[in-house]
Amino acid sequence: MRRWRYFGYRLVFALPVVFGILVLNFFLIQLAPGDAASVLAGESGAASPEYTALLREKFGLDRPLLEQFLAYIANALQFNLGYSFRNDSPVFELILARLGPTLLLMLTAFGAALGLGTALGVLAAVARNSWRDALISVITLVCYATPVFWLGLMLIVVFSVNLNWLPTSGFENIAEGYEGWERWVDIGRHLVMPGTALGLFYLALYTRVMRASMLEQTGMDYVVTARAKGQTEGRIVFGHMLRNAFLPVLTMAGVQAGNLIGGSVVVETVFGWPGLGTLAFNALQSRDLNLLLGIFFMSACLVVLINLAVELLTITLDPRIQA
Amino acid sequence: MRAAMQRFARNRMAVLGALVIGGVVVLTVTAPLLYPAGAFTLAGPPLQPPGARFLLGTDALGRDVAAGVVQGARTSLLIGLSAALSAVLFGSLIGALAGYYRGAVDIVLMRLTEFFQTIPAFLLAMLLVVIMSPSVLSVIIAISAVSWPGIARLVRGEFVALGGREFVLASIGLGASGPRIIFRHLLPNCVSSIIAIGSLLVASAILLESGLAFLGLGDPNVMSWGLLISAGRVTLRSAWWVCTFPGIAILLTVLSINLIGDGLNEALNPRLRER
């Protein structure tokens, strides 16, 4: 019960973050050269100062800053993130339509990196200072230094252009008209390379943290006790140490959630994955600031949600955590 | 300090990293001699594969890829170093204020730090560059704006740990002012940790810069590795070399800086050494 109170406490804690992002967004709008009225006036061709002033009045841009700020917050809380004139559609609808593919990509890469990273970290720690450990640390060092977009391009060169195994871009092959199970296999084939490109960096990160965390556990009293009791190494590692050592990895995963979204912007651009990242890239090309700010707000909210999920997982794994 | 240097020199991987970075620095310094025409000029026929005349081939506009890689090194190092340095200065200041004054100052500053750690860093950097319009300076500002939280938390932690030590209490007893204690007594004690983490920041700043440049948010008048890769993307199918070599340059540079950072961390903080 007390754990749930702790979770509720974290939930309340998340609200100021969301509010903070809105403040930051509003600040960024003010920082940008020109305002919405001048952009609109510019797009309509010839614009007299009177017309611009009229637009300003219509959108409330001539009112005091505080009033504008309150209006902005009120709108955002109703998920009204403004209008994208380039796409001729409300920002929130545009984002909602792209959320699914991004979530699929992120969660696949995240899950695979977490699972494999934990496994590799355990393997490296158990076989410490052996050739296996050395090999794993070389691989993680290289993955850790590889730019994700370049990795994506290299995967395309090898697996699509030369070997012709996987599709270069897109979410699915609509022309084939797959349905049901076959459609998911097709999407899966499209997901392999973006998922790998996005996930490898985090795989390296989690492997490093897991290895260090496992080594930290080896000297603990409970491990010595288990060994003295005559338990097998396998049971000591998987029955006792794994769960304890996994907690720092989970914490790290929560901290890195924000970077995962940044990475997916770049990866989606490389693979033409129809998610938030591609939307952000297009908004970038047309300097559609409203849409960019909306994407920033929504992905920050997504990070807050992921953090809460990680928190929930942590208190489930470690009953000692209490408010 | 000498002992630390010796510990660093014994770390073979770190020395290897230092050698590679030394090589990159030599390349950037000799770039005007190696490629006096610069990276933007037409050097030969387009899309030449790597060979004797063009070591790393040419791109779709007939520009020498090798010249681009060499020129790009300067941009990457310049932006990486200055962004990391300003992030370190700003982060240290925030961390020092929070860790020294504690109380309300601490709470407010640490909430702010956590906030900046939570929000998607790359997206914020993108937004900042778009708003300030792409230039070397705006890229540096954007990268440091998203890189400082780690340093702030580190410095705050060290300050809190050092806060109750005798030499600090003695300074307070002697009537030293707050800034004097912070800058003369506490910060010098954190320098080794700051250097170790700060050197890793250079690596992540270079990665961030290449990502921004790849999305077209670099300074359009300055050659960079990210820009080269994004230009080579169009001809990826027919000319793999245009994208490949700048990427290898990023990989090697970032890897070497990480190795140096790990080496520095072990050499300067021997107590924290992994078992």
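At what angle do helix 3 of chain B and helix 11 of chain B pack, and how far apart are their axes? The angle is about 35°, and the axes lie 10 Å apart. Axes are lines fitted to C-alpha atoms, for helices over the stretch in contact, and angles run from 0 to 180 degrees between N-to-C directions. The model is predicted; local features need pLDDT of at least 70, side-chain atom pairs count only at pLDDT 80 or more, and totals for chains, interfaces and linings use all residues. Residues are numbered from 1 along each chain as its sequence is written, while chains are lettered from A and ligands numbered from 1 in the order in which they are written.

Chain B has 11 helices and 0 strands. Helices (H or I, at least four residues) and strands (E, at least two) are DSSP runs, numbered from the N terminus. The C-alpha atoms of chain B fill a box of roughly 75 × 45 × 35 Å along the principal axes. Of the 275 residues in chain B, 49% are buried. A buried residue has 20 or more other C-beta atoms within 10 Å of its own; an exposed one has 12 or fewer, a partly exposed one a count in between, with C-beta atoms placed from the backbone.

Chain B averages 84, and 93% of the residues score at least 70. Within chain B, the mean is lowest in helix 1 (residues 2-10), at 78, and highest in helix 6 (residues 136-147), at 92. The complex receives an ipTM of 0.84 and a pTM of 0.86.

Helix 3 of chain B passes helix 11 of chain B in a right-handed crossing. A crossing is right-handed if the near helix is turned clockwise from the far one by less than a right angle, and left-handed if anticlockwise. Residues in contact have C-beta atoms, placed from the backbone, within 7 Å. Among those meeting here are V65(B) and G68(B) in helix 3 and W241(B) and F245(B) in helix 11.

Helix 3 (residues 65-101) of chain B also packs with helix 7 (residues 149-162) of chain B, at about 35° and with axes 7 Å apart. This crossing of helix 3 and helix 7 of chain B is right-handed.

Between the chains, the contact takes 33 residues from chain B and 40 residues from chain A. Helix 4 (103-118) and helix 9 (178-214) are among the elements of chain B that give two or more residues to its side.

Technical notes: Contact = placed C-beta atoms within 7 Å. pLDDT = per-residue confidence, 0-100.
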